[in-house]
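Could you walk me through reading a few features of a protein model? I'm new to this one.

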Amino acid sequence: MSQKVAVLGTGKIGEALLSGMIRAGWAPADLLVTARRQERAEELHARYGVTPVTNPEAAKTADTLILTVKPQDMGTLLDELAPHVPADRLIISGAAGIPTSFFEERLATGTPVVRVMTNTPALVDEAMSVISAGTHATAGHLAHTEEIFGAVGKTLRVPESQQDACTALSGSGPAYFFYLVEAMTDAGILLGLPRDKAHDLIVQSAIGAATMLRDSGEHPVKLRENVTSPAGTTINAIRELENHGVRAALIAALEAARDRSRQLASGNNS
């Protein structure tokens, strides 16, 4: 953990990563940050003791650069970094839809690049971060990336060809659950419950169900069947979900998210 790590374009996810790394044992003196606004950089320094620098300074000083800017801003950032990044720097990209080849073509030949798709539960140390190696990234680079992102949740290595699917399933995944909770809360109000009570019932049910999925080792079908009594309330609800095509809608939604990730990879930001 003596290597210097720089987080460039430090927004909410970047800050969550910094905070998690410090809790995991990284020294604030070894962490550099850049931000679009000077006051944001000073805020991060005051909060965590990390060092604010410019993007070129980060490229010259840090051993690992974590790029957390928005996908549409990545080309501009690389134009700024390219003259200053030696080929032995590890580049970690957190930008949805952008392949490692995009970075390799713009940086010095042989630069190792690792692509990561994480998600917003990084803010509560429950992220799912999916990691893929570029052409020049070694097993050591992947292990180092896992060490960093393991500070805010779980990591999983996949071939880069699966990144768009992982973005659709996990990167965007929290939004689907929030959407479902929103709809169920509205249903609870319709059924006569106050909003706060409906919210508490649904959130705790979601936490309990997720914990059972994680810890029981059972297939979700088996867990659902355990709740589904013959001619009971649950099977009636499931029938309505099937009648309204909820399963098909979810599959179509994830395909749409995957397709958009592919569009971003091809440079279509519109």
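This is a predicted model: local features need pLDDT of at least 70, side-chain atom pairs count only at pLDDT 80 or more; totals for chains, interfaces and linings use all residues.

Q: How do helix 1 and helix 2 pack, and at what angle?
A: Helices are DSSP runs of H or I with at least four residues, numbered from the N terminus. Axes are lines fitted to C-alpha atoms over the stretch in contact, and angles run from 0 to 180 degrees between N-to-C directions. Here, helix 1 (residues 12-24) and helix 2 (residues 38-48) meet at about 20°, with axes 12 Å apart. That makes the two roughly parallel (angles under 35 degrees count as such).

Q: Which residues make the contact?
A: Contact means heavy atoms within 4.5 Å. Helix 1 brings K12, E15, S19 and I22, while helix 2 brings R40, L44, R47 and Y48.

Q: Is N55 buried or exposed?
A: Buried means under 20% relative accessible area, exposed over 50%, and partly exposed in between, using a 1.4 Å probe and protein chains only. N55 has 15%, so N55 is buried. This residue sits in helix 3 (residues 55-61).

Q: What does N55 touch?
A: Not counting residues up to four places away in sequence, N55 touches L8, T34, L77, E80 and L81. An unreviewed UniProt entry covers N55 with the annotation "binding site"; such annotations may be inferred rather than shown by experiment.

Technical notes:
Residues are numbered from 1 along each chain as its sequence is written. Side-chain values use heavy atoms; hydrogens and water are left out. Angles under 35 degrees count as roughly parallel, over 145 as roughly antiparallel, 65 to 115 as roughly perpendicular and the rest as oblique.
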